[in-house]
Amino acid sequence: MSVQTDYGFEAHQIGEAQDRSVNAPVQGRTQWQLTWRRLRSDKVSMIALTVIVIMVLLAIFAPAVAALTHHPVNMAYPVNGENEDGNPVPPGTNGFLFGTDSTGRDLLVRVLYGARISLFVGIVTTLIATVLGVAVGLIAGYFGGVIDTILARFTDAVLAFPYIVLALALAAVFGPSLTIIVVMITFFSWAGIARIVRGQTLSIKEKEYVEAARSLGAGPFRIMFFDILPNLLAPVLVIGTLYIPNAVVFEATLSYLGLGVQAPTPSWGNMLSDAQNFYQVAWWYLVIPAVALLITTLAFNLLGDGIRDAMDPRTEKLIAARRMRRRLTRRNVKQGNKEALSGLAIGGAAAAETGKRG
Amino acid sequence: MAIVGYLIRRLLTGIIVVWLVATITFFLFFARPVYTVARQIAGHAATPQVIQEAINNLGLNQPIMTQYWHFLDNLVHGNLGYSFYSGESVDTMLRQDLPPTISLVIGGTILWLIVGLSVGVISATRARSVFDRVSSVGVLIGLSMPAFVIGELLIGYVFQPLYSHGFHFFNTGYAGITSGIGPFLGHMILPWITLATIQAAVYTRLSRGQLLETLGEDYIRTARSKGLSERRVIFRHGVRAALTPVLSQLGVDMGQLLGGVVVVETVFGLGGIGQVSVEAVDQDNLPVIIGFVIIAAIFVVIANIVVDLLYAALDPRVRII
């Protein structure tokens, strides 16, 4: 039976009728649509994306939470928020959902305000670094020669420089602040992106369509930004997503060392730094900001990996196998077919075999 | 003999790099108004005369090029200047604080490479096994977790409970190797684990990916088909080829390693040069920070030369002439 599936070559493998008309016109899908389809079928990526969206919303509405709980971010509650010994109270006490910190401030509100700093730093620095890195990488890769040598050496130097050492120096000169953090992280993030973009540009600029553009009279900047850049966006998106958690970790580390966001402004880094004096008496003070930090960075890392897999056409086979396995499992469970089910456990290839036999 | 010429050339470029770093840091620090520095040192209640005296004592009233010349002259003679506060010589200070840092770097690096590479190799040879899946979850967590969080959790939930129940093997602070191998290990194991966890995650992922790719190459099939044992195929033909990209990453990561050292020293109170520099930032003690930056630059330069030599030893296609 001829079956119109999403991907023609798998039609015979699936071997199962789908409710599609044979005569329907074949619709072209752009690379982005295909990527999104693959990403959507990946549960882990979707959970990661949901977590990120929730985090961003919580960060945006942190002042609303503060208003709802009537606990302003820097307000200390020496009576309700501390026990007889002057130590923090545990989660759920006196209306403090996450407990309080060392001076009796609401930990929930402070963690959410910390998310504002972390996500702001993570996203803003990555955006600026991406623009810089793409520009440097494109110019170095496209023009080559002396320009390339100078830019590539500079990129390597930045990559090899111990960033915390420079952070120490800058914090000593200008005083620790959020601005220093943003400048620092941006300065150390563009180089990795530039290196990847340069490599991609080197291979893309040899393609025929670039030759065609040049023969039509396009100038170097038109070729760079209209012909080469769109083909670079996929790897740049992946590496950008993977740089956000790095920036978040970087900010937390600098604030932890006292080189970044200064108290009383809450940041996950400076909260954790304070929390280490309260190990024995207040586990939540250490654990809650640490978990918030871990969830955020983990979500971005998982999403980045997911996008990378979704960009890779080879993933298509895996997903098709997974989809089929699920369908077969459902059918076999319904029919009580134990034998076929045991074969399914082996993996995608085995599932395809079973599918053919069935 | 070619290698001697190569080493001389690398060392010369290394000296230029260190000089550049020193110069940039020096002028960066003098972007600050002298008055602010002196005021910090003389205290908040200081009269203008006291502040002026502080400026004169530190030699900050001289023209900047004269100061720069003094700085370079001292540097060439191995003198990193004097602490703004105690007047102690910075190289003496840093030399005193070097043993914890060196123990941390060496022990941490050994642990990190052993764990990172072996987990990567096992995962790659048993792709999709339970071990592989567990290790890739571990890698993701390691990648997502800042070093100081791991360190704090180790202190809070390994060291503290054990210590309060009378198990005093693990300890914070630093004990030199001269105080016996047991106490030394007790003080250093948790910092080593912390430093190694972060770095190992990257290397597990990298070596797994590289080895998986290498094992798909034609020459691996050739090696198998001519009857070599699986161990020989993987280690002599696979791992050796897969290691070269890992090594070049190692050169890049030397700088990151120093960052990790600063954090781990601060978390565990080891008192190495990293922790001293963090404290110096609080006090505006610029000579100490310049000293640390220069030592860091020297370390990165030397480590990169060593990595490149290893690279040439591992990959016969690379020649150093």
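Predicted model: local features only at pLDDT ≥ 70, side-chain atom pairs only at ≥ 80, totals over all residues.

Mentor: Residues are numbered from 1 along each chain as its sequence is written, and chains are lettered from A and ligands numbered from 1 in the order in which they are written.

Trainee: What makes a stretch a helix here, and how many helices does chain B have?

Mentor: Helices (H or I, at least four residues) and strands (E, at least two) are DSSP runs, numbered from the N terminus. By that rule chain B has 12 helices and zero strands, and chain A has 15 helices and zero strands. The C-alpha trace of chain B spans about 85 × 60 × 35 Å along its principal axes.

Trainee: Why is A:Pro289 called buried?

Mentor: A residue is buried if 20 or more other C-beta atoms lie within 10 Å of its own, exposed if 12 or fewer, and partly exposed in between, with C-beta atoms placed from the backbone. A:Pro289, which sits in helix α12 of chain A, has 30 C-beta neighbours inside 10 Å and therefore counts as buried.

Trainee: Which residues does A:Pro289 touch, leaving out those up to four places away in sequence?

Mentor: Two residues are in contact if their C-beta atoms, placed from the backbone, lie within 7 Å. On that basis A:Pro289 touches A:Val111, A:Gly114, A:Trp268, A:Met271, A:Leu272 and A:Ala275. As for A:Ala115, it is 174 residues from A:Pro289 along the chain, and their C-alpha atoms are separated by 9.4 Å. One of the partners, A:Leu272, also has contacts in the other chain, including B:Phe148, B:Val149 and B:Glu152.

Trainee: Is B:Gln49 buried or exposed, and how do you know?

Mentor: B:Gln49, placed in helix α3 (residues 48-58) of chain B, has 9 C-beta neighbours inside 10 Å, so it counts as exposed. Its C-alpha atom and that of B:Asp218, 169 residues away along the chain, are separated by 79 Å. For the chains as a whole, 38% of the 321 residues of chain B count as buried, and buried residues make up 38% of the 358 residues in chain A.

Trainee: How do you know that the length of α6(B) agrees with what a helix should span?

Mentor: The expected span is 1.5 Å times one less than the number of residues. The 15 residues of α6(B) should therefore span 21 Å, and the end C-alpha atoms are 21 Å apart, which agrees. Likewise, α1(B), with 28 residues, reaches 41 Å, close to the 40 Å expected.

Trainee: Which element gives the most to the side of chain B that touches chain A?

Mentor: The contact takes 37 residues from chain B and 32 residues from chain A. α10(B) gives the most to the chain B side, with eight residues, and that side divides into 24 nonpolar, nine polar and four charged residues. 

Trainee: What makes a group of residues a nonpolar core?

Mentor: It is a set of buried Ala, Val, Leu, Ile, Met, Phe, Trp, Tyr and Cys residues joined through C-beta atoms within 7 Å. The largest one has 151 residues, and those with the most contacts inside it include A:Leu272 and B:Ile289. Helix α5 (residues 107-143) of chain A gives the most to this core, with 17 residues.

Definitions and conventions:
Nonpolar A, V, L, I, M, F, W, Y, C, P; charged D, E, K, R; others polar.
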